[in-house]
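Please read the following briefing alongside the sequence and the three-dimensional structure.

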Amino acid sequence: MSTHDAERGAGVPGPRTGPAPDSARTDEGGAKAPGLTARTDEGGAKAPGLTARTEGRRPQAPAPRRSTALSSRTRTRTRTRLAAGTLLTPFFALFTVAMIVPVGYALWLSLFTEKQSGLGFDGPRTVFDGLGNYATALGDQAFRDGFWVLLGYCALYLPLMIGGAIALALLLDTTLARARRFFQLALFLPHAIPGLIAALIWIYLYTPQLSPVVAAMEAGGIGFDFFSAEGTLPSIVNIALWQWLGYNVVIFYAALQAVDRSLLEAATVDGAGNWRIAFSVKLPLIRSSLVMVLLFTVIGSLQLFTEPLILSRGSGSAVTSTWTPNMYAYSAAFERNDYGLAAAASVLIALVAAVLSFVVTRFTNRRKEARP
């Protein structure tokens, strides 16, 4: 055995042929070199660096919990959709039963008509007629005249309704108004009365032999026949105004109450009077309510039925059974038993209402876009 081998057997370190491992690497002063498993600074505290290096490998950061976050987000979205579906299901069910099914049935019914077979001994047969009922309705002068009546009704009713409701709402919204709650209730109370009852009340007030109003007018030298051809339309407009004016006043007044009062105070400080504030500040800010009321009033005008129907029962009334399109459809169904013609007339009225609604909304939207 050589001296070198003896020294190695005795534990004397021999020459190194490669770098020492990190776990045994030290500097000349006996301290551990940088990169060790337990790196310390001069004061004996651990220095910044790796504190748990094992076998020369850096510790890996934990993987982000992306899958957990995604699953939680998916569960939240599913619960939201389930809650929305649960709340909307009753509405869609009622809308389908009360709107889509009747409209679909009316469309189907309008394509058929009843005809007698042979000599008529077998009774009427329901046969497919296509657009024949629509052609019959459009070709009937009474049906077309009903739309002219509606045009005159809208020309008289819409300005009085919208203008009167806005004027009363602005009056209630001013600081000079007193007893607002009383006038709101007084204006809205006629709307709580059904249209049938309202029409009967006004027929009593229009009848010369019974009405105290007519007696007072005659005593003052004013003679007016509410049932004549010239007085029928104003009479019906008066009934509709009495019933619906307070309803629209409440809508406009609620919209005016939502207007920011700081804007009104700023306009007052700038020297604007009540008229200027009403037309330059308040009305532009409740424009959406104006459009809504106008749209509903136009649609309601096309559905004019109850008032003229009750008025037609009056003595000497100029209102006929086909005075409006709705009355024409009612007469075709329940007086002539022509349900196909009645369904076709109803579909045509619905189409006219849809077109007018589109025109009104389109016109108002264009005016809004044209404003700077």
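**Briefing on the predicted chain**

Leu-88 has its place in helix α2, which covers residues 66-109; helices (H or I, at least four residues) and strands (E, at least two) are DSSP runs, numbered from the N terminus. The model is predicted, so local features need pLDDT of at least 70 and side-chain atom pairs count only at pLDDT 80 or more, while totals for chains, interfaces and linings use all residues. Residues are numbered from 1 along each chain as its sequence is written, and side-chain values use heavy atoms, with hydrogens and water left out.

**The chain as a whole**

- The secondary structure of the chain comprises 14 helices and two strands.
- The chain has 372 residues, of which 32% count as buried; buried means under 20% relative accessible area, exposed means over 50%, and partly exposed lies in between (1.4 Å probe, protein chains only).
- The accessible surface of the chain comes to about 24500 Å², and 63% of it belongs to carbon and sulfur atoms; such areas come from the Shrake-Rupley method with a 1.4 Å probe, and for residues only the protein chains shown count as cover.
- Among contacts (heavy atoms within 4.5 Å) between residues at least 6 apart in sequence, 60% join residues at least 24 apart.

- Leu-88 counts as partly exposed because its relative accessibility is 43%.
- Together with Phe-91, Phe-92, Phe-95, Met-99, Ile-100, Val-103 and Leu-107, Leu-88 makes a nonpolar surface patch of about 740 Å².
- Patches are made of residues with over 30% relative accessible area and no salt bridge; like charges are joined within 9 Å, and nonpolar side chains (Val, Leu, Ile, Met, Phe, Trp, Tyr) within 5 Å.
- A salt bridge is a side-chain nitrogen of Lys or Arg within 4 Å of a carboxyl oxygen of Asp or Glu.

**The nonpolar cores**

- A nonpolar core is a set of buried Ala, Val, Leu, Ile, Met, Phe, Trp, Tyr and Cys residues joined through side-chain atoms within 4.5 Å.
- The largest such core has 52 residues, and those with the most contacts inside it are Tyr-153, Tyr-157, Tyr-206, Ile-236, Leu-311 and Trp-323.
- Helices that each supply at least two residues of this core include α4 (141-173), α8 (232-257) and α11 (287-302).
- The largest share of this core, 13 residues, comes from α4.
- Apart from this core lies another, of 14 residues, among them Ala-137, Ala-333, Ala-345 and Leu-348.
- Not counting residues up to four places away in sequence, Ile-236 touches Tyr-153, Leu-304, Glu-307, Pro-308, Leu-311, Val-319 and Trp-323.

**Helix α13 and Ser-331**

- Helix α13 is mostly covered, with seven of its ten residues buried.
- Ser-331 lies in this helix, which spans residues 325-334, and counts as buried because its relative accessibility is 4%.
- The side chains of Ser-331 and Glu-335 are joined by a polar contact of 2.9 Å; a polar contact is a pair of N or O atoms within 3.5 Å, where within protein one must be able to donate a hydrogen and the other to accept it, and residues adjacent in sequence count only if both atoms are side-chain atoms.
- Leaving aside neighbours within four places in sequence, Ser-331 is in contact with Ser-321, Thr-322 and Arg-336.

**Phe-188 in helix α5**

- Phe-188 lies in helix α5, residues 180-188, and is partly exposed, with a relative accessible area of 33%.
- Phe-188 and Val-249 are 61 residues apart in sequence and 8.0 Å apart in space, C-alpha to C-alpha.
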